[in-house]
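Welcome! Please take a moment to look over the sequence and the model before reading on.

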Amino acid sequence: MNKLYIGNVSEEASAEDLETIFEQWKIPHSGPFLVKTGYAFVDCPDEKIAMLAIDILSGKVELHGKLLEVEHSVPKRQRSCKLQIRNIPPHLQWEVLDGMLAQYGTVENCEQVNTDTDTAVVNVRYGAKDQARQAMEKLNGFLMENFALKVSYIPDETAAAAAPTLGGGKRGFVPRGPLRSGSPGLGARPKLQSDVPLRILVPTQFVGAIIGKEGATIRNVTKQTHSKIDIHRKENAGAAEKPITVHSTPEGCSNACRTIMEIMLKEALDTKFTEEIPLKILAHNNFVGRLIGKEGRNLKKIEVDTETKITISPLQDLTLYNPERTITVKGSIEACSRAEEEVMKKVRESYENDVAAMNLQSNLIPGLNLNALGLFPGGAPGMGPSMGHNAPPPGAQGGYSSFGSSYIGGEGPFWASVLSASSQPLSGQGQPESETVHLFIPALAVGAIIGKQGQHIKQLSRYAGASIKISADEVRVVDANQVAPPDGMDTKQRMVIIAGPPEAQFKAQGRIFGKLKEENFFGPKEEVKLEAHIKVPSFAAGRVIGKGGKTVNELQNLTSAEVVVPRDQTPDENDQVIVKITGHFYASQLAQRKIQEILSHVRRQQQPKPSPRGEGPSRGDGLARPSRK
């Protein structure tokens with residue numbers, strides 16, 4: 001891939017002009033410049049020099065008043081599903097990049113390229129040519145953290161074969177250079193290690209055999225399968241089963257699982273243990289619905305294909321501290337191994353889809369700190385060090401957040417309701433400003449939110465980092481402009497008052513949405529939609545509405561939430577009025593963040609300019625209010 005296309009070339013430009021530029025920047029070329037009307041071609045000695053020319057010249061060097069555009073030359077017939085993306089911000093997290101790429105189709109491979117530039121370069125393979133073409137069109141020149149991405153095709157003829165071809169078909173894809181081990185460029189991502197560990201339960205009496213004398217057996221398993229294996233033998237003292245967590249590639253996890261099953265079978269024969277020893281896999285409840293599939297089809301297919309019998313523990317077994325379901329697989333070791341591969345394949349797919357969806361949502365929802373939300377596995381690439389060192393409580397899934405519910409918004413991802421089991425810092429710079437949101441829930445659901453002796457609401461408040469209170473009075477929302485006394489059981493509502501920074505709001509509201517779905521206050525195919533009220537200064541209400549209702553209409557179109565600023569409101573004692581937001585969780589969150597963004601802009605405008613001597617009162621802690629006589 002050493003042939004270059006030079007675009008945006010002036011009609012006055014000649015081959016000598018281009019040669020002079022290459023000499024000026026000390027970029028060698030191995031052939032003459034072929035100049036056409038508006039563009040040119042040239043060969044470089046190798047791919048490294050071609051990439052250097054792109055990085056130095058493209059969009060940076062002028063010729064006869066026009067900025068040159070330099071990229072790899074790929075004939076249309078050779079354009080494939082493979083792209084190279086350059087000039088990626090050096091500290092961008094992998095999850096953000098993966099989420100962005102997933103907008104345009106199925107990403108089959110994404111590998112980092114080793115270059116001498118300060119910015120990062122990746123090679124990406126999409127599942128289809130039209131997906132690659134759309135990504136090329138949308139991402140080329142796209143600004144990300146003030147870096148303009150540069151995207152070009154990787155031609156088929158230069159992509160080294162990574163797999164056997166069938167009948168002279170398309171070649172496989174291999175990374176064009178080794179992964180870099182650290183910054184700059186996307187952090188350090190293991191090439192193949194899965195972000196989702198394998199978690200299994202084993203009978204306590206076999207733990208000693210799995211560990212072996214002085215740990216010899218488990219060390220051999222670790223070495224042979226290239227895995228990191230944690231046996232949580234000190235957790236749940238006296239329990240009949242102990243969890244084991246395996247960190248490795250999917251293949252490594254499967255090999256370790258098979259070896260552990262073989263060790264248990266041998267120990268059972270040696271000790272004349274006659275009971276059947278099934279394989280028990282732990283999976284976060286978030287992913288179990290997709291594993292089962294519509295009407296149980298996915299699970300049934302795995303059973304048939306692997307000749308096993310699979311059962312899943314009931315929802316009733318879930319607790320606040322243990323959001324995992326136990327997947328019990330019965331069959332021969334060979335059959336159970338195949339079933340484990342298929343089950344974990346589904347779980348990992350669900351996780352990856354949710355991470356991508358969450359990152360897309362986080363890009364849409366400004367002001368949220370993903371590290372503070374605790375939505376991603378401890379030790380996941382790009383996450384802060386505190387994420388990896390907060391061990392989950394006994395029985396909680398080691399690879400995921402351990403405080404969640406079974407909320408799934410329609411067909412969408414579950415991440416709306418995932419909460420972290422550990423307290424996380426809520427902002428990168430100082431303490432974020434607290435917000436207050438009034439969320440209206442069915443009156444009959446109050447008991448589920450409060451929990452036995454108030455335990456659920458206390459735990460939710462502690463882990464979300466928010467103050468959560470439920471009003472004693474029932475209300476009934478009659479229309480968009482008034483709240484009336486209760487009249488009829490079906491319309492009775494109770495107000496949940498949530499106070500905390502954006503991340504705490506996201507956690508607390510997400511859990512409440514999830515709890516309502518989990519406790520069947522909404523039908524199985526019914527999306528959870530709730531009404532939320534936020535208060536804004538009366539003088540800022542017009543900014544939320546916009547001229548002729550333009551801003552509020554744009555808010556509704558962008559967020560899919562219903563946003564209403566009731567007319568003829570009387571401001572309260574703090575000179576504030578209500579904005580009503582109705583919608584599903586993500587829609588409501590996005591609308592809340594956008595409105596807070598508007599208020600922040602108003603706040604900045606209301607701040608008085610500093611006096612020449614730098615004196616005068618500071619009023620940056622809140623929205624400045626006009627004096628009232």
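What follows is a short tour of a sheet, some helix pairs and a salt bridge. Please keep in mind that this is a predicted model.

In general, strands of a sheet pair through backbone hydrogen bonds, and they can do so in a parallel or an antiparallel way.

Within this sheet, you can follow strand E1 (residues 3-7) alongside strand E3 (residues 39-43): the two run antiparallel and are joined by five bridges. To find a bridge yourself, look for Gly7, whose partner in E3 is Tyr39.

**Helices packing on one another**

| Helix pair | Angle | Axes |
|---|---|---|
| H15 and H18 (residues 585-606) | roughly 155° | within 10 Å |
| H14 (residues 455-464) and H15 | about 145° | 9 Å apart |

How do H15 and H18 cross? Their axes cross at roughly 155°, and because of that angle H15 is roughly antiparallel to H18. The crossing of H15 past H18 is right-handed. On the H15 side, the contact has Pro502, Gln505, Phe506, Gln509, Gly510 and Phe513, which meet Phe585, Tyr586, Ser588, Gln589, Gln592 and Arg593 of H18. Sorted by kind, the residues of this contact of H15 with H18 are five nonpolar, six polar and one charged.

Turning to the other pair, H14 also passes H15 in a right-handed crossing. Here His456, Leu460, Tyr463 and Ala464 of H14 make the contact with Ala504, Lys507, Ala508, Arg511, Ile512 and Lys515 of H15. The residues of the contact of H14 with H15 divide into six nonpolar, one polar and three charged.

**A salt bridge inside a helix**

Side chains of opposite charge can pair when their charged atoms come close. How many salt bridges does the count come to? The count comes to 16 salt bridges. One to look up is that of Arg133 with Glu137, where the closest N and O atoms are 3.2 Å apart. Both Arg133 and Glu137 lie in helix H4 (residues 129-139), four residues apart, which is about one turn of the helix.

Note on methods
Residues are numbered from 1 along each chain as its sequence is written. This is a predicted model: local features need pLDDT of at least 70, side-chain atom pairs count only at pLDDT 80 or more; totals for chains, interfaces and linings use all residues. Side-chain values use heavy atoms; hydrogens and water are left out. Two strands pair if DSSP finds at least two bridges between them. Axes are lines fitted to C-alpha atoms, for helices over the stretch in contact, and angles run from 0 to 180 degrees between N-to-C directions. Angles under 35 degrees count as roughly parallel, over 145 as roughly antiparallel, 65 to 115 as roughly perpendicular and the rest as oblique. A crossing is left-handed if the near helix is turned anticlockwise from the far one by less than a right angle, and right-handed if clockwise. Contact means heavy atoms within 4.5 Å. Ala, Val, Leu, Ile, Met, Phe, Trp, Tyr, Cys and Pro count as nonpolar, Asp, Glu, Lys and Arg as charged, and the others, Gly among them, as polar. A salt bridge is a side-chain nitrogen of Lys or Arg within 4 Å of a carboxyl oxygen of Asp or Glu.
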